[in-house]
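I opened this notebook to record what I looked up in the structure, one topic at a time. The entries follow the order in which I looked.

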Amino acid sequence: MQELPVEIVSLELTPQQLSPELSLQLIMLGFSPTYQLCYLGAQPKDDLPLNREVVRLTAAQTDLFFDLLQLEGVDFPLDKRIRKKSYYCTEQFPAYVVKDGKGNACGWASIYVNGDTAFFGNAFILPEYRQAGAHSALLSARLNAVAQQGLKVAYTDVEHGSQSHHNCERAGFRVITVNTIWTRKM
């Protein structure tokens, strides 16, 4: 293996790419395996029950979505909001909010639609609402929504073995592959 530029601080390797020889070379270059990313797929269903209120945000609520993303640490200053506003809360990139019993946002998620395929992403649950069904409600609502649109398949990625992984499998997602993320020690 050649020397990798210092700008490369992480690599994602599929099971087919990973070998003892490559692992040793990566370790010699200062990399170590840090976590596994699980890719899953599901056929959308439109009859999944919701245990919480989930609403789809409109284009007029895009700034609310940006505000929510900032709560999880994603920076959305004014210039970035202006550049990205037309992408979010659209038919191609819908955003959803799950609410607590008092109507407060306790989590949010998005979908990216490409043809007859949905890619689930940007899911985040506020810490005080974790382990209370909010993530499962977002999964069910999105699977219902893409089924109602007639989409054929939904994909997502989560950290392998995480609560999100377990929630996805309960919602009907099945593992496609589990890749290893290697990170360079700085």
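I began with the surroundings of Ser110, and, leaving aside neighbours within four places in sequence, I found it in contact with Phe65, Phe93, Pro94, Ala95, Phe119, Phe120, Gly121, Asn122 and Arg142, where contact means heavy atoms within 4.5 Å. Ser110 belongs to strand β5, residues 105-114, and it counts as buried at 2% relative accessibility. I took buried as under 20% relative accessible area, exposed as over 50% and partly exposed as in between, with a 1.4 Å probe and protein chains only. Helices (H or I, at least four residues) and strands (E, at least two) are DSSP runs, numbered from the N terminus.

I note that this is a predicted model, in which local features need pLDDT of at least 70 and side-chain atom pairs count only at pLDDT 80 or more, while totals for chains, interfaces and linings use all residues. Residues are numbered from 1 along each chain as its sequence is written, and side-chain values use heavy atoms, with hydrogens and water left out.

Next I looked for disulfides, meaning pairs of cysteine sulfur atoms within 2.5 Å, and the structure holds 0 of them. For Cys89 the closest cysteine sulfur is in Cys106, 17 Å away, which is too far for a bond. Cys106 is in no disulfide either, the nearest cysteine sulfur being that of Cys168 at 17 Å. Cys89 is buried with a relative accessible area of 6%, and Cys106 is buried at 0%.

I then turned to salt bridges, defined as a side-chain nitrogen of Lys or Arg within 4 Å of a carboxyl oxygen of Asp or Glu; a search of the whole structure gives 5. One of them joins Asp63 and Arg81 at 3.3 Å, N to O; Asp63 lies in helix α2 (residues 62-71) and Arg81 in helix α3 (residues 78-84), so this pair ties together parts that are 18 residues apart in sequence. I found Asp63 partly exposed at 30% relative accessibility, whereas Arg81 is buried at 12%.

Asp63 also meets Lys85 in a salt bridge at 2.8 Å, N to O, and this pair links helix α2 with the loop between α3 and β4 (95-99), 22 residues apart. Lys85 is partly exposed, with a relative accessible area of 36%.

Another bridge, at 3.5 Å, N to O, joins Arg83 and Asp79, which both lie in helix α3, 4 residues apart, about one turn of the helix. Finally, I noted that salt bridges with shared partners join Asp63, Asp67, Arg81 and Lys85 into one network.
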